[in-house]
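Dear colleague,

Please read them with the model open beside you.

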Amino acid sequence: MEKPEVINGNEAGKTALQRFAAKLRELRKRAGLTQQEFAEAAFCSPDHITKMERGVRLPSSHMLRLMLQTFKEHGIDQGSLDTLEQLLLACKLAEPAPVAVSNGKNPEQAVAAPSRPSNETAPPVLPVTAEEEDEWDITIQTHIMPLRAAQLDVKNNPEMGRFSQSPVAQAVFGRQKELDDLLRALQGHESYKAPLAVITGIGGIGKSTLAYEAAAQAVQRGYYDAFIWESAKTRQFNHGEIEAIEFPSPWSHFSPTLTFEGLLDSLIFDLGRDDLLENAASLETKIGTIIQELPKKRYLLVLDNLESAHNPRLVLVYLTQMMQQTNTALLITSREVPSYFDGFNLNLRGLDPASSVNFLQYEGRVRNIPPLRDNLKDPEVAQAVGQIITETGGHPLALGLITRQLTTFSLDRVLEDLRTGYNEIASLRHRPAGGLYSYLFRNIWENLTRPAQRLLMRLVPAQGKYLTETEITTLAGIAPEERVRYDLALAELVKFSMLEVTGEFQKRYRLHPLTINFLKTGLIEQWQKAQKS
Ligand SMILES: Nc1ncnc2c1ncn2[C@@H]1O[C@H](COP(=O)(O)OP(=O)(O)O)[C@@H](O)[C@H]1O
Ligand SMILES: [Mg+2]
């Protein structure tokens, strides 16, 4: 690195930022648009454009998409659009972290930090109001990248940006309270051991998105010098289908699922010790190196999708030991609440209705769905939106899927689809991989014990109500002598995130509306038939 003094990296970011700002202005003028016209075409406020052109604000990735689209429509050539995109990437990645470097930590290895355009020191939090970014109440994405991505020379090789592996930054709605809680947990306390936190919830509820945001903000606030992102995920839901994902991760070359040793390889790679991998170093050498390297900085390690690891419990036990030994904080996401876990647990629920509305409106604009885009005040549209939110329980993946379907089908058809699993059945017939419900529930359902399956079925009539344990016992008709078995079944459903839980001491449980819709795709009939025979 050419700049050894990285206590405040603003100088480094400034040129990239100014170049981006200048390019933006140049392209807008070439397109023959005023700031006002450009703002309208790109669905943002003129003020936002002004700020970007002054180099005091960066667009989020969705905003960039809208701007590029607008330029394209106004005849700007692809080469110039690419340049703009690369300049933005350079701003987001090239700037060294403005972290306070303490106790002899090596400042040269400071990682990429958010672009802070001004010359003052960065405030610990980025309090971005709705007007500053868009008209929406977006929980702002920071531009901090995980360690590996930050080390890649993206400025000169934009291709490398793809290797970042963590969720691509896009608009995040709601989640402010969850974020605050997580950040508090991650802040830890000097005299305590390294923080340990887990985010649990059903697939697509937003665990990875939140983990990414929390990790980036924790670094931004200076709780950590950098975060490392590892994912055990092997499948993803994309455009209505489940597809296998192949990572450019060291572990994925050797094993179809993440093992502890694979995780070590990934860590070695992230810490820049690829030489050990090339020389096929022994396990002892790898562990020794990691234990030596990690304490050199205050790291937060994020392990996404622990449940997909080959042996989640083993990975967790070894990993937590190693993290405590190296004083490294750990943030995990998992569909299942890990056993033997002794840390902060955030069970993630759907987006609250207001955030769901914001999300739908945003999607309406990005995808050009006129009623969602402009007519939310129309009572008919408002009612439809209410229905979408009720049926999905604010599940962001499902909300996104619905808006995508709305570009082709009517709302009635889309909701019917969600309730009956029509698409699911059709896709199961043609593609055994299946659709949304297969991705979210099928494996879990098939691996539940009989009492847990039975309890789930008996909870269906409660339709989205939060129930106490006593109410569950009554509703499910559980006799006192069956109590223990059902307590275990309840614990099992909670462990696999089939139930959402609220409350501190007096817990309340409910089936997620999507769980009910999943059960209604034929499983209830199957179940009843099996009971009779
Ligand atoms: N708060 C949010 N606002 C907007 N979109 C979200 C939010 N949380 C998640 N999403 C979107 O929903 C989808 C699923 O989120 P993800 O974080 O991958 O869920 P999980 O990790 O729980 O499976 C992604 O497309 C993500 O961009
Ligand atoms: Mg995820």
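A search through the whole structure, which is a predicted model, turns up ten aromatic pairs. In one of them, the ring centres of phenylalanine 441 and phenylalanine 518 are 5.0 Å apart with the planes at 25 degrees, and since stacking is assigned to planes under 30 degrees apart, this pair counts as stacked. Phenylalanine 441 belongs to helix 21 (residues 436-447) and phenylalanine 518 to helix 25 (residues 513-519), so the contact ties together parts that lie 77 residues apart in sequence. Phenylalanine 441 counts as buried, with a relative accessibility of 0%, and phenylalanine 518 is likewise buried, its relative accessible area being 0%.

Helix 21 also takes part in another pair, formed by tryptophan 445 in that helix and tryptophan 527 in helix 26 (residues 523-532), and the two residues are 82 apart, which links distant parts of the chain. Here the centres are 6.3 Å apart and the planes stand at 70 degrees, so the pair is edge-to-face. Both tryptophan 445 and tryptophan 527 are buried.

Two rings have a charged group over them: arginine 413 lies over the face of phenylalanine 409, at 4.2 Å from the ring centre, while the charged end of lysine 495 sits over the ring of phenylalanine 496, at 5.4 Å from its centre.

A further aromatic cluster is made up of Phe173, Phe359 and Tyr362, and Phe173 leads on to the ligand, as it is among the residues that come nearest to ligand 1, together with Gly204, Lys207, Ser208 and Thr209, out of 17 residues around it. A backbone N or O atom of phenylalanine 173 lies 2.8 Å from a nitrogen atom of ligand 1, a polar backbone atom of lysine 207 is 2.8 Å from an oxygen atom of the ligand, and a polar side-chain atom of threonine 209 lies 2.6 Å from an oxygen atom of ligand 1. Of the 550 Å² of accessible area that ligand 1 has on its own, the protein covers 85%.

The shell around ligand 1 divides into nine nonpolar, six polar and two charged residues. Its largest share, three residues, comes from helix 9, and helix 9 (207-220) and helix 18 each supply at least two. Helix 18 (residues 396-406) is itself mostly covered, with nine of its eleven residues buried, including Pro396, Leu399, Ile402 and Gln405.

With best wishes

Definitions and conventions:
Residues numbered from 1 in each chain as written. Chains lettered and ligands numbered in written order. Predicted model: local features only at pLDDT ≥ 70, side-chain atom pairs only at ≥ 80, totals over all residues. Heavy atoms only, no water. Phe/Tyr/Trp six-rings, centres within 6.5 Å; stacked < 30°, edge-to-face > 60°. Helix = DSSP H or I, 4+ residues; strand = E, 2+ residues; numbered from the N terminus. Buried < 20%, exposed > 50% of the residue type's maximum accessible area, 1.4 Å probe, protein only. Lys NZ or Arg CZ within 6 Å of the ring centre and 35° of its normal. Near = heavy atom within 4 Å. Polar contact = N/O pair within 3.5 Å; in protein donor to acceptor, adjacent residues only side chain to side chain. Areas by Shrake-Rupley, 256 points an atom, 1.4 Å probe, with all protein chains shown as cover. Nonpolar A, V, L, I, M, F, W, Y, C, P; charged D, E, K, R; others polar.
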